Amino acid sequence: KQTLLPLLREETSSFIFPWHPAVQRPELQHMMLELLRCIPLLLFLLFVCGLDHFIFSILSIIQHHSFVEYSYQTSHHLSVNVMGTSLMAQLLRTTIGALNTSFDSEVETSNLACLPQPSGMTRQRYLNTFLPLGALAVLCLVQVYPFRLRRAIAAFYFPKREKTRVLFLYNKLLRQRKNFLHLQRGRIARQARQPPGLGTALLDWCRRRWPWLRRCLRRRCAVCGRPETPRHQPCPSPDCGALYCEPCW
């Protein structure tokens, strides 16, 4: 509740607001871990698809450049001519003349049956292969919104436990805020003891020399780093040039 414990700017980034549509910082870390787990699957699919395409290319080259066609032709002619008009000549013509044959043969064959017949994957098959991985990545992005319901479901079934959790969170915030202010005071004190750098001193001199440059060379809050606005409060100490926003001051 904003009326009970208004959050500081640094505290807002560590909480998840259920009605905020954007992915917030605590959810972003978990979402990135889930997406990193999808990278090995993506690399494996890319390796398998690349290996498939490589093998298909090799087999296709073998199929196109190893094709051999054979053509075999043969011709056989046997003719026995018996001359004369005698009875023996006629007898020989009737017996030996039956041996007269003529034979022509032509055979064509190839090694097509021995060659590989590769079949490449189509774009639709590649799309069907990567579609589950894409759906998994989308689920990693969308799962942050159903996860926000876990606290509401647990609070519905265990209202007493929810009250204990809220009180614990409230006290934890108070302790963190107290420690935060203590740590920031020590950090700012250490910065004040250090001599200003050449760049910082030059910028401060330019700001004092030309006041119109303050719109471009805006300083930031010494605690939270918020850019300078007219509501920022400078440190009252004359030797300190620190600037603080209204909540930090």
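**Close-up views of a predicted model**

Figure 1. Of the 249 residues in the protein, 16% are buried. The fold is built from 8 helices and 4 strands, and going along the sequence the order is α-α-β-α-β-α-α-α-α-α-β-β.

Figure 2. The unreviewed UniProt entry puts the label "transmembrane region" on residues 41-62 and on residues 126-147. What does the chain look like in residues 41-62, helix or strand? That span is 100% helix and 0% strand, and its end C-alpha atoms sit 32 Å apart. Residues 126-147 come out at 95% helix and 0% strand, with 32 Å between the end C-alpha atoms.

Figure 3. Helix H2 packed against helix H4. H2 takes in residues 25-65, and H4 runs over 123-142. Their axes are 9 Å apart, at an angle of about 175°. An angle over 145 degrees counts as roughly antiparallel, so that is how H2 lies relative to H4. On the H2 side, the residues that meet H4 are Met31, Glu34, Leu35, Cys38, Leu41, Leu42, Leu45, Leu46, Cys49, Asp52 and His53. The H4 side brings Tyr126, Thr129, Phe130, Leu133, Leu136, Ala137, Cys140 and Leu141. Sorted by class, this H2 and H4 contact has 15 nonpolar, 2 polar and 2 charged residues.

Figure 4. Glu34 belongs to helix H2. Is Glu34 buried or exposed? Its relative accessible area is 16%, so Glu34 is buried, given that the cut-off is under 20%. Setting aside neighbours within four places in sequence, Glu34 is in contact with Cys140 and Gln143. Gln143 itself is found in the loop between helix H4 (123-142) and helix H5 (144-147). With 18% relative accessibility, Gln143 also counts as buried. Which residues does Gln143 touch, if those up to four places away in sequence are not counted? They are His30 and Glu34.

Figure 5. The place where helix H6 meets helix H7. H6 covers residues 149-157 and H7 covers residues 159-193; their axes come within 5 Å and cross at roughly 125°. That angle makes H6 oblique to H7. From H6, the residues in this contact are Arg151, Ala155, Phe156 and Tyr157, and they meet Pro159, Glu162 and Arg165 in H7. By class, the tally for H6 with H7 is 4 nonpolar, no polar and 3 charged residues.

Figure 6. Phe15 and its surroundings. Where is Phe15? Look in the loop between helix H1 (9-12) and helix H2 (25-65). Leaving out residues up to four places away in sequence, Phe15 touches Leu7, Gln24, Pro26, Leu169 and Leu173. Phe15 and Glu27 are 12 residues apart in sequence, and their C-alpha atoms are 9.4 Å apart in space.

Figure 7. Tyr244 and the residues around it. Tyr244 is part of strand E4 (residues 243-244). Its relative accessibility is 11%, so Tyr244 counts as buried. Neighbours within four places in sequence aside, Tyr244 is in contact with Ile188, Cys221, Ala222, Val223, His232, Gln233, Cys235 and Trp249. For a distance to check on screen, go from the C-alpha atom of Tyr244 to that of Glu228: these residues are 16 apart along the chain, and the separation is 8.4 Å.

Technical notes. Residues are numbered from 1 along each chain as its sequence is written. This is a predicted model: local features need pLDDT of at least 70, side-chain atom pairs count only at pLDDT 80 or more; totals for chains, interfaces and linings use all residues. Side-chain values use heavy atoms; hydrogens and water are left out. Helices (H or I, at least four residues) and strands (E, at least two) are DSSP runs, numbered from the N terminus. Buried means under 20% relative accessible area, exposed over 50%, partly exposed in between (1.4 Å probe, protein chains only). Axes are lines fitted to C-alpha atoms, for helices over the stretch in contact, and angles run from 0 to 180 degrees between N-to-C directions. Angles under 35 degrees count as roughly parallel, over 145 as roughly antiparallel, 65 to 115 as roughly perpendicular and the rest as oblique. Contact means heavy atoms within 4.5 Å. Ala, Val, Leu, Ile, Met, Phe, Trp, Tyr, Cys and Pro count as nonpolar, Asp, Glu, Lys and Arg as charged, and the others, Gly among them, as polar. UniProt positions are given in the numbering used here, feature names are shortened, and annotations may be inferred rather than shown by experiment.
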